[in-house]
Amino acid sequence: MKKIFLGLFAGAAMLTSCDMDTRNFGVIDQDIAIESVDDAHKFMNGIYGTLRTISGSDFIVYGDVQMDQFVGLVDNGNRLGPYSTGQIVASDNDLSTLYYNMYINVNKANYLVPKIDALVESGSFSNDDIVQLNYYKGSALFASAYSYWWLFDKYVNYSTANLDTPGMGLQIETEYHPSGDRGSYVGRSTIRESVNHINKLLSDAYDLVVAYEEDGNLDACHPNSSYVSSYVIAALQARIALQTGDYTTALAKAEAVINSGNYGLASVDDYPGMWLNDMGNELIFVCYAEKGQGGIGTGVHYLANNSKESSDYIPTADVLLSYEDGDVRFDSFFELYQPMVVSGENYYAFAFNKYPGNPALNTGTTNALLNAGKPFRLSEQYLIAAEAAYETQNETKANAYLNDLRSARIEGYASRNYSGNALRTAIRDERGKELIGEGFRMGDLRRWGEGFTREAGFANLGYPFDAILAAVTPTTNNVTYAADDYRFIWPIPTREMQVNPQLAGQQNPRY
């Protein structure tokens with residue numbers, strides 16, 4: 001008998017399907033028998049399928065378009081308009097879909113983990129099989145933690161709220177509940193409980209995956225792996241530690257990845273190809289993709305189509321001017337459209353081309369603007385290490401990591417050393433330049449306590465680039481967020497508030 005996830009999972013929509021996950025999101029057939037290593041492997045592939053979905057496109061674009069680095073053009077049909085203009089509401093169905101897909105992945109893990117525990121405890125499997133089963137368990141725990149991290153980043157105000165106030169953290173589901181009993185639904189935890197839960201999931205996952213690797217299974221411990229390794233887990237541990245102000249742990253975990261020797265920053269020559277072909281020495285984890293299945297259309301949100309003459313959202317002048325001469329990222333992320341056609345008029349403007357479409361994923365002669373998701377890169381770990389070192393008063397180390405990253409990005413770069421606020425600013429600016437369009441901006445600005453006024457600023461570029469200002473949607477220009485703006489946190493979906501009585505009084509402020 002098939003049971004539909006209710007409560008947290010009511011109304012969740014299927015976004016993609018592929019060979020790795022052929023069942024509808026939100027539906028588990030409870031007659032599925034997980035009785036073997038192969039059964040667990042197949043189910044885990046379904047979880048990887050969901051991980052792929054949540055590692056690109058809407059899940060990283062909505063928050064970035066909402067922040068300060070992009071403005072909309074007047075003929076974009078109001079696509080992503082509510083986020084760009086700051087009209088964030090709890091009844092937004094698109095935001096609801098993102099929310100539910102995260103909890104669907106959590107529930108898939110909650111279904112698989114006890115099934116694996118039962119197999120391990122049955123006494124029917126060899127030691128090698130048990131190690132393999134526990135690797136799948138560790139991978140599932142990581143997937144759950146990754147989903148919770150995303151929710152924590154978007155829905156929890158860690159920076160200013162009291163960590164022990166009830167109802168301000170995540171809805172923590174630890175068991176699979178395919179039940180219509182509203183009494184079994186969970187409310188929101190405290191923020192401290194949320195952080196502890198994510199860290200416990202990651203700690204348990206790390207131990208299980210390390211045991212698998214110590215048994216000689218090192219295939220995932222290399223660049224471009226589509227499977228979980230201990231380094232992927234450590235990278236997420238570093239990310240959440242930085243976000244929550246645990247700078248000692250953030251630095252230690254980031255350094256563990258950096259110093260492993262398994263990965264290396266892409267060179268100036270190799271960097272552009274990493275974004276085009278989804279392959280590179282610094283890619284710690286790359287979501288599975290091949291022709292006909294698995295690509296993510298993140299670039300469509302910015303480029304509108306593959307004609308190289310039209311965009312929905314383009315980078316502000318401040319973004320373009322932030323890159324110095326010789327920075328490989330400028331040509332990798334931005335492409336001059338000559339012309340940029342807006343409402344039948346021709347302009348000169350730079351399109352955001354970080355997701356240009358991998359030719360290997362096209363099924364025909366047309367660029368489908370599909371790329372593999374790349375949720376964990378080594379450069380992020382360098383930025384985490386630099387920021388965490390600064391926050392622990394180790395300016396020498398902070399400068400070293402910052403200079404290492406810049407040397408890999410800027411041709412002919414000569415090392416520079418900063419101190420005090422200048423060092424902090426340099427690290428934050430570098431993070432904005434490196435990670436633009438990868439889904440971090442909203443959390444970063446909130447974490448730093450920085451508001452913004454988004455200005456197109458194209459007059460600063462001079463002729464002929466200044467003319468595009470006439471084609472910028474006015475409501476996406478001069479948008480201001482104070483440092484404590486409530487919109488730095490998204491609302492719990494209206495339909496979740498309505499169906500779950502445990503959430504009464506637990507909506508985020510101002511929604």
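## Basis of the description

Helices (H or I, at least four residues) and strands (E, at least two) are DSSP runs, numbered from the N terminus. The structure is a predicted model, in which local features need pLDDT of at least 70 and side-chain atom pairs count only at pLDDT 80 or more, while totals for chains, interfaces and linings use all residues. Residues are numbered from 1 along each chain as its sequence is written, and side-chain values use heavy atoms, with hydrogens and water left out.

## Helix H5

Helix H5 comprises residues 127-155, 29 residues in total. From its first C-alpha to its last it reaches 41 Å, close to the 42 Å expected at 1.5 Å a residue; the expected span is 1.5 Å times one less than the number of residues. Of the 29 residues of H5, 24 are buried, so the helix is largely enclosed by the rest of the structure. Here buried means under 20% relative accessible area, exposed over 50%, and partly exposed in between (1.4 Å probe, protein chains only).

## Backbone features

Two cis peptide bonds involve proline. The bond from Gln338 to Pro339 is cis, with omega near 10 degrees, and Pro339 is placed in strand S6 (residues 334-342). The bond from Tyr463 to Pro464 is also cis, with omega near 0 degrees; Pro464 lies in the loop between strand S9 (452-454) and strand S10 (479-481).

Ser57, although not a glycine, has a phi of about 50 degrees and belongs to the loop between helix H1 (37-53) and helix H2 (58-66). Its relative accessibility is 16%, so Ser57 counts as buried. For Asp278, phi is near 60 degrees, and the residue is found in the loop between helix H9 (271-277) and strand S4 (283-285). Asp278 is buried too, with a relative accessible area of 4%.

## Cavities

The whole structure contains 9 cavities of 30 Å³ or more. On a 1 Å grid over the protein atoms alone, a cavity is a set of points where a 1.4 Å probe fits but cannot get out, and lining residues have an atom within 4 Å of a point. Grid points are joined across faces, edges and corners, and a volume is the space filled by probe spheres set on the points. The largest cavity holds about 220 Å³ of space. It is lined by 22 residues, of which Ser55, Ile60, Lys374, Pro375 and Glu438 are the closest to its centre. H2 and H5 are the elements that give two or more residues to this lining, and H5 gives the most, with 4 residues. By class, the lining of the largest cavity has 12 nonpolar, 6 polar and 4 charged residues; Ala, Val, Leu, Ile, Met, Phe, Trp, Tyr, Cys and Pro count as nonpolar, Asp, Glu, Lys and Arg as charged, and the others, Gly among them, as polar.

The second largest cavity has a volume of about 100 Å³. Its lining residues include Trp149, Asp153, Arg239, Glu380, Arg431 and Arg447. The elements that give two or more residues to this lining are H5, helix H7 (230-243) and helix H16 (441-448). The lining of the second largest cavity has 3 nonpolar, 2 polar and 6 charged residues.

## Salt bridges

There are 29 salt bridges in the whole structure, each being a side-chain nitrogen of Lys or Arg within 4 Å of a carboxyl oxygen of Asp or Glu. One of them joins Lys200 and Asp204, whose closest N and O atoms are 2.6 Å apart. These two residues are 4 residues apart in helix H6 (residues 191-214), and are therefore separated by about one helical turn. Asp204 counts as partly exposed, at 27% relative accessibility.

Glu282 takes part in two salt bridges with arginines. With Arg377 the N to O distance is 2.7 Å. Arg377 lies in strand S8 (residues 376-377) and Glu282 in the loop between H9 and S4, so the pair ties together parts that are 95 residues apart in sequence. With Arg409, the closest N and O atoms are 2.8 Å apart. This pair links distant parts of the chain, 127 residues apart, with Arg409 in helix H14 (residues 395-409). Arg377 and Glu282 are buried, and Arg409 is buried as well. Salt bridges that share partners join Glu282, Asp327, Arg329, Lys354, Arg377, Arg406, Arg409, Glu430, Lys433, Glu434 and Glu438 into one network.

Methods
1 Å grid on protein atoms, 1.4 Å probe; cavity = no way out; pocket = protein on both sides within 12 Å on 5 of 7 lines; lining within 4 Å.
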